[in-house]
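I opened my notebook to look up who touches whom in this model. Here are my entries, in the order I made them.

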Amino acid sequence: MQFIGAGSLGVAGGVLYGESVQKDVELLIPQVVPPEDYSPGVASWYNTVCNQCSAGCGISVRIREGKAKKIEGNPVHPVSQGRLCARGQAGLNVLYNPDRIRSPLQNATSRESGSFTEISWDEALTTIGSRIGRLRIEGNASRVRLLTGSTRGGLDELFAQFMSLLGSDHYQQYDFTDPGALRAANRIAFGMDQLPHYDIKHADYLLSFGADYLATWLSPVHYSLAYGHLRQGRDGQRGRTVQIEPRMSLSGAAADEWIAARPGTEGLLALGLAHELLRAGSYTGSDRDEWASALQPYSPAMVAAETDVSVDTIVRIAREFAESTASLAIAGGATAAGTNAVASVVAVNALNYLAGNLNQPGGIFFNPDPAFSAAAGSRQVGMQGMLDLAEAMEAGDVEVLIVHDSNPVHALPENVRFRQAMENVPLVVALSSFHDETTDMADLILPTNTYLESWGDDVPDPGVGFPVASISQPVVAPLYDTLPVGDIVLALARRIGGELPIRMPWGTMEEFIKARWRDEYDGRTAGLEGQDFDAFWQASLEAGVWGQPGIVAGDPSMPSSAAMIAALANPVSEFAGDESDYPFVLHPYLTATFLDGRGANLPWLQELPDPMTSVVYGSWAELNPATAEDLGIREGDVLEVETPAGSVSVPALIFPALRPGVVAMPIGQGHTAYGRYARNRGANPMDLVSMQIDDRSGDLAWAATRARVRNTGERLQIIKTDGVTRTLGRQILGPKNDHA
Amino acid sequence: MFDHGQPSYAEVNKDILSVMLETGPRYWMLLGTTMSVAVIFFFMPWFYQLIVGVGAAGMSRNAYWGTYLSNFIFWIGLSHSGTLLSAILHITNSPWRKSVYRSAEAMTLFSLMTAALFVMVHLGRVWFVHWSFPIPNQMGLWPNFRSPLMFDVMAITTYLTASSIFIYMGSVPDFAAVRDASTGTRRRLYTIFSFGWRGTAREWHTLGWAYTFFAVFVIPLAVSVHSIVSWDFALSIVPGLHHTIFAPYFVCGAIYSGTAGIVTVMYCLRKFLNFERYIGQVHLDNLGKLLLALSLIWSYINMLELFSSWYGGSSFELEALKFKLTGFYAPLYWEMILFCAFVPLLMFFRKFRWSWNKMLLISILINIGMLTERFIIVATSQPRKFLPNAFGFYFPSWIEISITIGSFAIFATMFLIFIKWVPAISIYEVKETLKPLRRDA
Amino acid sequence: MKWGNDLSTFVEKFRQYLKPGYYDEFDYHWTMTIDLDRCTGCEACVVACQAENNLPIVGEKRYAQNREIKWIRIERYWEGEYPDVKMGFIPMLCQHCDAAPCEIACPVFATYHNQDGLNTQIYNRCIGTRTCAVYCPYEVRYFNWFTYTWDEPLEQQLNPDVTVREKGVMEKCTFCIQRIRLAKDNAKDDDRRRVRDGEVVPACVQSCPTEAMAFGDSNDPEAKVSKMMKNPRGYTVLEELNTTPSIVYLKKAHAES
Amino acid sequence: MAIMGTFAFEEDFLAAAEKLQSSGFDNISLLSPVPLAEAQKVLGLGKSAVRRFSLAGAIIGALAGFALAAGTALVFVLPTSGRAIITIPPFLIITYEMTILFGVLFTLLGFHVVSDLPAWRDRPYLPAANIDRFVVVVEGAAGEQAARAEAIIRQAGAEEIHHVEEDQ
């Protein structure tokens, strides 16, 4: 006995000692005999498409020993040009995320329970297939609804075919970040659906109305590259940027001038500028008088009073804007999220129109017809569509709801009651890689491959001025028992039967994509001479992208100023909530890291200090220093932010570059599910947004809610890397004396 | 010099040896307590830290050095009592030294060992500590002798060697006395310890010479050791640490706290080992004066440090200074000023210098002050370096605090063991101070 | 012994070793320029570095204790008050100083200056005295307070060209030395004596969406960095400390008028 | 055979010592509980050879110290902070410490050599000599010589006289 005792003691000691001083051996190559498809120690790069936001950057993924090691921008891709943002690089966390769904799941008991049991693919697909098949035969196919995020390219095409063959016209997309107002406004102004190419690169005066083009607006990487060029790309010529927004964004920080106009009046400010522009007489178009009369009311004095921007500033900016050879005005963010969103953006478009920035270098270029005649964003239904969907589900008109790459339960305001509506849907199918809020409400979860394991293709929107299409290919073998979304659709088609399998003959997504590209290849001849399809396909696959820089848009249908003028009315946003009870304006904003919250489950992004505040993990509410002082609020005091729509509790953060009377909150945190890194972290400002819709775009006016804050007296440490954020006169940002 | 009448030579042997040879239960209880405190407060937290990593302590990227290092300096400082005093007083042969120097030197040795322990605790990978010793190795890699830390390694090992030799050689005749007074194993042991010392004129003569040389070597050594420790800080360019005054500042502070330490130890010896006859008023009085002088020097250097950083006017220095004087740790700073600069002034009055209890209190306050001084040095300078964006804050974790407490227990344990193995007062040197055995005496 | 047995060479070497300084003898002098007028503080470089160099995911608790490890970080400085408030970003990473305060500090040579002018950190050699970090005025050295682990299967992403550090070890930006080594090997393979300009860039430079960063060998007058360094806006941070950093910042320009 | 005489008083002890010394006894040792300068004078002990050891140690230490610092720097040339490889000022500190270290060690050695301790055999000794008695030991005296020594000691007023057989 003693021996054992002593022995085990010794062992314990040894173990503890070893534990304390040694680290366990790790194998570089998991297999003893390395497989054929790679040579150990040699890295190979595969080009594919980033899926972290809808910009459609081309990426190259570094593969070692069959594992993805790093994501970088694809040098030959015209959107990203070898560069990539933080979100894009964190794509590896999507692929290797510990919280991925690893096999088909079936809801065990109630939907609330969120407990699932594993089932086989065959079983899952049969269940769905038979049910939809029955509906199809009964002619109730319209009771099948398909909801996706901003799905584009081949997958979008596949979904569309699937639904139309099924006989349901209820394939709709909802993406919070989709620039619906911008599209609507462009339709009005320029009469085209797809977004134009904003040539920031060659602009020398960029006037941004709330568009955080360096972090979240449309195509951040592309615009960042352009910004770098705008600043220092041309010898002796440094472009200027002016940012108009109530809370300084990344783009605001980069701007030479940051103007915090009264929230909701940015459109008005644009009109004021237009008025001044016209008065200064720099516009000499035939329709000058119509404009003059239309802009008559917006005198600098009146606009100054409304927008709280001084007359001189208005006059000066108007002058600078007019005088610069290549000026450009863009609108986004909160400006495009008021009840007057479309009107505001139209006003900005008008500014471009009057300054003659259309089809000018450094101005707005209209994209030629995109490859695959992709109708970008045409299926984006906006908030109105979601309300209708929720209503239909509430009314029991929906029997099967298929959700993919969209998280309405988190992204929609509480008062849409989407979660409750889902209760009335007999069969909810989620095609998802993660247990997000919506997925957890599903009856059947079909685990999908991540974009790094799937075939697909994409047409970036906005384009880059000439036709471009990218191929995305699997860069690693699937980690788990999951399937590419496309393959799932095709499998379902086979299960459903009828004409679907005949009209959708492809075995896999890969076949479909290849077929699609063959059609495109046959369709185009220009620039493809002497290159047979296989060569073309191989080349495109290796490059990850195919484009025809030669082709530019023909002279676009010059915008009808009448339509624009008509749309200028009602330029000021109306806010939900009475100013007396709700003294603050709530300013939710997209963060560079999480966007609308899809990035919240990626550890690298959770640990990435927020660019403007350096905060990590969790969310906060920002107040202007003066305001905070008046209310006696210090950083870390837990505030209860309350709006007509609801209330949340978050720690306060004092933010110097915030308009007094505004309380700003980052969007993206506040998940109740979505894996270990996202769950129960911070608050979701969407719970505070009142249901107001700009009827011209059908989009949610998420920046048009008033709020009040109350100091709960509790405290919560805000985790941030910043110590003191003043230089204390130390010449860290450069010597004071010189004027380089 | 003897409060309670002169003891005879024989009594000296009896008194002093009895402490070693007769051990009561109180001693064992005391030893047991200190040992268990040492284990529970020092070694167990340390083991935990070994397993999880130094993160168990409160340090962060705002302060990579914490209480471990400040305690290291404190203990090194305490060690400057003995050897230095003993050596200086030996050379200036002031007789009152003779009855206190043995325990003073013991203090040196043990606080030095405690300090060394703190280096171990501080290291991130202590299991590779030997890489910092100049040992031939197959990598052909040697330590970096340009590094202030290597100066430390060299200085402290030298100091450890020198002071242990110093104390040992001083005790050889007393080991002989123990040998003669004991039997059995102890006798055999002490026969070896005492080299078979007989006390012949030749032996005394050689010992005298050797001892004097040890003293001569030890004085510059002790000065260099704490200068070098101060250079760990001063050789950095960190505002608040980069001061030329640091070497004298540290040396003076070291002797200061060391001397205070002696007073505390003497009090205990006197109280618990009944050495009233040998440790008397005169010692207390002299030490009191010494302390007073040191406290004045210390205050002066302290003012100098503040003044020079302020007068330099560099934004970095001023920020560090501001943080030290008015920041979170300002109360600690002013507590230190109170304990080390003002309280000691009481010793201007004989009333305080002559009262054991009052002196005990003062000496303990001084050492508390010195402990905080070292803490302030690490805790206020590092979080206020050059880039404001990296400014931060350091607060010790409970593990650091517990280990700090434990270190005192370790010191006490070693001292308790010491008094049972070595005569706590030098027998033969006390005899020298008695009136000689002459007819005419 | 390096100098052989020949006494004269020994003496000659000895003389040479008595002179301070070495930069002129570098094979390369890797240098980075960061144009603050282009930098938007988007932090793409931060993630790029984390991916390339196996930086751990420390978790919320450790972050709250300031135990994060980010070889490159963005520092932010506000100027002025609302409404005339400006934000200045400055990426802060190891400056690879030629006269690095950290290097003398290490008792075991875990950090020293290599022949590429890089300030290297040898993890295996480090015993964790943390002196280098205390001495570093840029506070860009990071310590492994714990042995960090990756939630399975995140560890599959780890870059096999870079070690994973254990507890008790100091680490910092290496200018992606693994990439530099690879580039030099390639150069050797196709019989070039030197690496071409732009042939190798660290992960941060590679990813920078605004092309604010440039990297190259400043010994080569034709290199992009050499040209950038001549820019009148160029400066080095904390110049007054005479650490002679290998990173030249280009001050943010201000709009005329 | 050795003769030991114990004395209670210093003067007698010294007197005996001088007497023996003058009457040509070369192998005497004088045991005392405390160092006695007079006794050492009697034996004519002047400057001790220990100091030569100390000096030698210090010099060797200084050389060794610099050699260690400079030599190891050359074995593996690792430049740091743009300092010279052989950086004099810091190496002087190493030199300084090593000087003292070797000085101390050699002094220790010196002590052992000169005092020829540790003793490998017991020598005539009385514990009292380490308490409060002075002891004169005359060794290597035999027969009539011994008698003379004994006479001198007794005459000087020794309390007791012991004869001990030396183990040869």
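How many residues of chain A are in contact with chain C, and how many of chain C with chain A? I found 62 residues of chain A in contact with 60 residues of chain C, where contact means that the C-beta atoms of two residues, placed from the backbone, lie within 7 Å.

A note on the source: this is a predicted model, in which local features need pLDDT of at least 70, side-chain atom pairs count only at pLDDT 80 or more, and totals for chains, interfaces and linings use all residues. Residues are numbered from 1 along each chain as its sequence is written, while chains are lettered from A and ligands numbered from 1 in the order in which they are written.

Next I looked up the elements on the side of chain A that touches chain C, and α7(A) gives the most, with 7 residues. Helices (H or I, at least four residues) and strands (E, at least two) are DSSP runs, numbered from the N terminus. By class, I noted 35 nonpolar, 11 polar and 16 charged residues on that side of chain A. Here Ala, Val, Leu, Ile, Met, Phe, Trp, Tyr, Cys and Pro count as nonpolar, Asp, Glu, Lys and Arg as charged, and the others, Gly among them, as polar.

Then I turned to chains B and D, whose contact takes 52 residues from chain B and 55 residues from chain D. On the side of chain B, α8(B) gives the most, with 17 residues. That side of chain B has 30 nonpolar, 13 polar and 9 charged residues.
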